[in-house]
Amino acid sequence: MGMQRSIAWGGFALLCAAAPARAQEKVTYDDHVQRLLTQHCGKCHSAERTRAGLDVTSYLSLLKGASSGAVLEAGDPDASTLYLAITHQREPTMPPGSRKLPDAVAETIRQWIAGGLLESAGSQAKPKAKKKSLALAIVPGAGRPETLPTLSRHLPQEPLVVPRRAGAITALAAHPWLPLLAVAGARQIVLHDPRTFELRGVLPFPEGQANTLAFSRDGALLVAGGGQPGASGRAVAWDLTSGRRVIEAGDEDDALLACDLAPDRSRLLLGGPAKHVRVVDPAGGAPLHTLKKHTDWVTAGAFSPDGVLFASGDRAGGLVVWESESGREMHTLQSGSAAITGLAWRDDSNVVASASEDGQLRLFEMFEGKAIKAFGAHDGGALAVAMAHDGRLVSGGRDKLVKLWSAEGQLLKTFGPMGDLVLEVALDDEGTRVVGADASGAVALWNAADGAFLANLTTTPARLADRLLAAEANRRTAAERVARAVPAAEAAQRDAAAPLAERDRCVAAATAANAAREGAARQLDEARAAVASATSAAEQARARVAQLEAERATAQSALEPARATLAAAEPIAATTAEAANARATLAAQLEAGAAAAQALATAAPDDGALAAVAKSTQESANAARAAATVAAEQAAAAEASRWAAEQALALANARAAELDASVVAAAAERDAAAARAATSVAPPVELESALALAQGEAERASAAAAAATTAAAPLAETATKARAAADAATRELVAAHREVARLEAARLDVELAQLDRELAVLDAAVALAEEALAEREAAAAAVRAQEQALQAELAAGPERSGALAAAIAAQREEQAQRETAQRAAAERLATKEARLAALRDFAAQIGVDQAAEGAGGGAGASDAPLSQAAAKLAEALAALTADRALAEQAVATAATAVEAARGAVAAAEAEARAHHERLAALPAAIGAQQQRLAAAAEEVAVARQQVEQAQAQRVAPLARNAELAVQRDRWLQVAGG
């Protein structure tokens, strides 16, 4: 064993010795890293066993990363999950449950990553990945409504149930803009103020256990989803400005696990064990979309803050982003295979964060649906995530810890551990308080800045009556403390009054003595300062005079050189001027001679000698002109020198005169200062004596004040402590009184709610009574109308009888006319039948004769008239037959008319008989109707009395309601301070 340890330490020493040398050479995977990773990590992360999807024994598989994403960032070790894990800078640490790898191993891997992840010595370094910025694109808190909701002061305070112990916290939410926390309890939602830790209300959720809570984006609604596992699921929303339910939707067959409301309240997201996401209309629950992408229970769902998207996650690790309005799939996010336990959107809706049972927190951007950050947050699994307005994250997990992260995923603070698994987390509206809730029912608050623990919140509030009794007891106790503390403070103040007065007197005397001493000291200092000032002024005046005299002497000495310079410059200027004039005259003469010679040469162009003379003369003239120019310049320079010397002499004279005047003035000032200094003498002895006396008096007064202060200090301290105790007791009493007032107001709210329910019942009774009264009055009106109709019918009876008699007579007259017409038609038919029978007999006779003649031997010429007569007879017979048919038809028609007339007569007679019978029965019917009318009037009177009684029953509750409302408002004023 010792030899093995020696070998191990020897190898470690060789690694350490090799590290500096390696810094100068390329660190590659093949030559340096593979051996180290295989040795230290290969047991769990190899091709045979890829825990978390990671294989470190192959270069390509290592670059591919784990199931949670890449573990290496070329050129950036501090952004590489592998390096952070082996150096224990990030969880989960590697190797798990063991010490860090040797520093030399970590350094080698760090150099390899920093060098660009070289595979071999001949490989090229991979370019350093550009860091993806997680900075918010908007100002934190964007989307905050201009007008924040006013939370109702009458939220329910009476718990629906009071369990013996708190159960696991299954849902937690923080209001986005106000100090309010919502915590899911047993069949109820408990509301707390995260700043004062005050219980704000209890919202009943009789549907079961709430598994998800969310505030609407404007903060006016609280949405809860849950139910009873395997039995029912329901989503409910409360209006926080009134405390009333405003949304009830989702008749599910199992408890909801995911629920959220769109920012514009147009859509409600529901998810659970059914493995699909349902989007419904919150108003009526009508289905809008049913999305069946998920393959396991839907465990999380949330709308983006702008409402354009929503995300949903499931128990199998599926994470999908959808378009809110259309329900179309937008992104399927790569989130591993472990269950999604929480979702949180950033305020700009461009980033969504997820928590997973694999312990990872992941951040996804919404433009391409890609992961921009993934990091291990909690050993064993991350169970919750929430996001602040500034992009910071808070998470909780199976390690019982709550952690706060920067927007870039850097760990800022760790809180806890809590007593059990951390199931829910939140950040308050200001992002200054971190909240964690665990499986034991504990809800803890910490300060985000320094991690200090602040408070535990209850999820099992007692009955209102019990809380009121406790508050009353606290108030009585506080009142007793005030009753003891105030007299004690007053007695201590009385005991300390005289010593304090003496102390104040001594302090005042010491203050006056010190003021007198300071006055004397000031007078002495002022006198000394006056002497010093006068002496200094005299010295300065003398120095000034000496300086000015020296300057005057200097100026006087400068006058003679200036005069000499001017005297020397004047003849030079005159001489140079005369020379310049002479040379100018000569140049003019030469130029005239040159002009004459040139004219002669021009006149005699062939005379070379004359041309040479003209040229020579011109050259002499040019030289004379140049010399004249030089002489003029010399004369101008000499004149300038003379003028300068003259000006210098004038300035020197002026400076000498000025200094003469300054010397005279300075001498006068010197003399005056000398006179003042001569008159200033040393501080009088009286001032120094007065200062000494004042000093002694001040010391004695200060000593007396110190003694008085020392004597009064214990009594003053006792009085101060007594007053502080009295003030503290008074504050406690005020707080207790306010708590009693708040609970009294809550109790009155409960009583008012009960009265409201009673009034609702009474209002319903009044409405029913009024409805019954209306029915009775309608029935009485109908009976009255019927009675009036019968009376009218009876009054119109004789007239109706006469009309019926006239109708019968008319019908009988018509019947007689029909019968007469029928007899006439029968007579006409009988006449036509007799004629037809005679013609038939005649025709039959003629037919017999013709037959006999035919049998006797044919017809002769005399048969023609007979044949013609027979033909006409046949025509007459046919015509008479047709006429008889018409007569028969007329007889039948007349018979029908007669029967109709008889029927009409019979009907008229029957109607007349019925009318007479009706008239005979009307008096009895009218009497019966009058009896019914009287009964209906009695029923109306009874119904009206019932209405009046129902209305009278409302008077007392209404008055009580108004009285309680006034009392409640008074208590609320007291509670509000």
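How many residues apart are E899 and R902 in helix 10, and about how many helical turns separate them? Keep that one in mind; the tour gets there at a later stop.

**Before you start clicking**

This is a predicted model, where local features need pLDDT of at least 70, side-chain atom pairs count only at pLDDT 80 or more, and totals for chains, interfaces and linings use all residues. Residues are numbered from 1 along each chain as its sequence is written, and side-chain values use heavy atoms, with hydrogens and water left out.

**Stop 1: a charged patch**

Select E25, D30, D31 and E119. These residues gather in a patch of negative charge on the surface. Here, Asp and Glu count as negative and Lys and Arg as positive, while His and the chain ends are not counted. A patch takes residues with over 30% relative accessible area and no salt bridge, and joins like charges within 9 Å (nonpolar side chains, meaning Val, Leu, Ile, Met, Phe, Trp and Tyr, are joined within 5 Å). The place of a charge is NZ of Lys, CZ of Arg, CG of Asp or CD of Glu.

Now zoom in on E25. You'll find E25 in the loop between helix 1 (2-22) and helix 2 (29-41). Helices (H or I, at least four residues) and strands (E, at least two) are DSSP runs numbered from the N terminus. E25 has 45% relative accessibility, so it counts as partly exposed. The scale goes like this: buried is under 20% relative accessible area, exposed is over 50%, and partly exposed is in between (1.4 Å probe, protein chains only). The areas themselves come from the Shrake-Rupley method.

**Stop 2: helix 5**

Next, select residues 103-114. That's helix 5, with 12 residues, and from its first C-alpha to its last it reaches 16 Å, close to the 16 Å expected at 1.5 Å a residue. The expected span is 1.5 Å times one less than the number of residues. Which residues of helix 5 are buried? Color A104, V105, A106, T108, I109, Q111, W112 and I113 to see them. Then look past the helix: G116 follows helix 5 and has a positive phi, near 100 degrees.

**Stop 3: salt bridges**

Side chains of opposite charge can pair when their charged atoms come close. The rule for a salt bridge is a side-chain nitrogen of Lys or Arg within 4 Å of a carboxyl oxygen of Asp or Glu. By that rule, the count is 41 salt bridges.

E899 and R902 are three residues apart in helix 10, so about one helical turn separates them. An α-helix has 3.6 residues a turn, so residues three or four places apart point the same way. E899 is partly exposed at 49% relative accessibility, and R902 is partly exposed at 36%.

For a pair from two helices, select E751 and R960. Their closest N and O atoms are 3.0 Å apart in a salt bridge. E751 is in helix 8 (residues 685-795) and R960 in helix 10 (residues 863-975), so this pair ties together parts that are 209 residues apart in sequence. Both are partly exposed, with E751 at 25% and R960 at 31%.

Another pair is K370 with E368, whose closest N and O atoms are 3.1 Å apart. K370 is partly exposed at 46%, whereas E368 counts as exposed at 51%. Finally, select E207, R234, R245, E248 and D251 together: they are linked in a network of salt bridges.

**Stop 4: backbone details**

Go to G416 and P417. A cis peptide bond joins them, with omega about 10 degrees. P417 is in the loop between strand 24 (411-415) and strand 25 (422-427).

Now pick R265, which isn't a glycine but has a positive phi of about 65 degrees. Look for R265 in the loop between strand 9 (258-261) and strand 10 (268-271). K275 is also not a glycine, and its phi is positive too, near 75 degrees. K275 lies in the loop between strand 10 and strand 11 (277-280).

**Stop 5: get out the distance tool**

Select L203 in strand 4 (residues 199-204), a buried residue at 1% relative accessibility.

Last, find A626 in helix 7 (residues 608-679). The C-alpha atoms of A626 and A584 are separated by 9.5 Å, and these residues are 42 apart along the chain.

Definitions and conventions. Areas by Shrake-Rupley, 256 points an atom, 1.4 Å probe, with all protein chains shown as cover.
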